[in-house]
Amino acid sequence: MLSALHAIDTVVLIYIFGVFVLGGLIKGVSGFGMPLVTVPLIALVEPVPTAVALSLLPIIVSNISQGYECRSHYRVLGQIWPLLLSLAVSLGLSVQLLGHFRPEVLALVIGVMIQVFVISQLAPNPPVIPRHWRSGTLVGAGLSSGLFGGLTSFYGFPALQALMALELDRNEFILASSLFFLVGSAILSIGLLAQNIATPTHLLLSLACVVPTQLGMYLGELVRSRLSQVMFRGITLSVLSATGLAMIARAITV
């Protein structure tokens, strides 16, 4: 572990740990968003593949712990299983494409579409998926998210938007998004390891980043417990919007 940590400059390592505290804080408050924060910020000082690899274990551990916290709402699994299954199939196939395509244009399109969705949610009557269309819509969202994830390593769109359109309550949404990111990060980890994009050294560093992530989540959960449902939804939309802007910025500055 120590030899792996010494491979990165001490100042950079402190910065990376700080990024994971911030990512954990955002996830603790909103229920998701950590890789959407950590990857772009770490990519400022390390290559993008390294940023993705370092985020793997914190994502997995944080989603297991957050999912366990909301386990009493397990019935939401009956609603979202088409999304999880279709994501697993699509990402499992498309992750083999990671690193073989230039993702800038796709990231730009996704970023713009996220902004369109956020604006639509600010309307007095935000869109809701009709019950008889839910299974098909979730399958389509899972397949699309897996494809985008295989090309860019970002697999949150359009699945998170679909989850928000289900009108889940706060804890149901947190459990649903935790399961979604747990499935996605596990498959992405296997794909990155199989292609040697993530190495054992990356995983050791990723393991070291679990502690600051959990610290940030603890602080974020303290904040979340004091939020109303309206404020929670507002923060969730803000995180989505920031994610979209980050992807647009990444696309036009690469």
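## A nonpolar patch and its surroundings

Leu 215 lies in helix H11. The model is predicted. With a relative accessibility of 47%, Leu 215 counts as partly exposed, because that class runs between 20% and 50%.

Leu 215 also belongs to a nonpolar surface patch of about 590 Å². Which helices each supply at least two residues of the patch? They are helix H2, residues 10–30, and helix H11, residues 210–224. The largest share, five residues, comes from H11.

A second residue to look at is Gly 234, placed in helix H12, which covers residues 229–253. Gly 234 counts as partly exposed, at 32% relative accessibility.

The table sets out the two accessibility values.

| Residue | Relative accessibility | Class |
|---|---|---|
| Leu 215 | 47% | partly exposed |
| Gly 234 | 32% | partly exposed |

How confident is the predictor in this model? The average pLDDT of the protein is 82, and 90% of the residues score at least 70. Confidence is highest in helix H5 (residues 77–94), at a mean of 93, and lowest in helix H1 (residues 2–5), at 45. Over residues 1–6 the pLDDT is below 50, and this stretch has nine contacts in the model beyond near neighbours in sequence. Where pLDDT is low, predicted coordinates should not be read in detail.

Note on methods:
Residues are numbered from 1 along each chain as its sequence is written. This is a predicted model: local features need pLDDT of at least 70, side-chain atom pairs count only at pLDDT 80 or more; totals for chains, interfaces and linings use all residues. Side-chain values use heavy atoms; hydrogens and water are left out. pLDDT is the predictor's confidence in each residue, from 0 to 100. Helices (H or I, at least four residues) and strands (E, at least two) are DSSP runs, numbered from the N terminus. Contact means heavy atoms within 4.5 Å. Buried means under 20% relative accessible area, exposed over 50%, partly exposed in between (1.4 Å probe, protein chains only). Patches are made of residues with over 30% relative accessible area and no salt bridge: like charges are joined within 9 Å, nonpolar side chains (Val, Leu, Ile, Met, Phe, Trp, Tyr) within 5 Å. Accessible areas come from the Shrake-Rupley method with a 1.4 Å probe; for residues, only the protein chains shown count as cover. A salt bridge is a side-chain nitrogen of Lys or Arg within 4 Å of a carboxyl oxygen of Asp or Glu.
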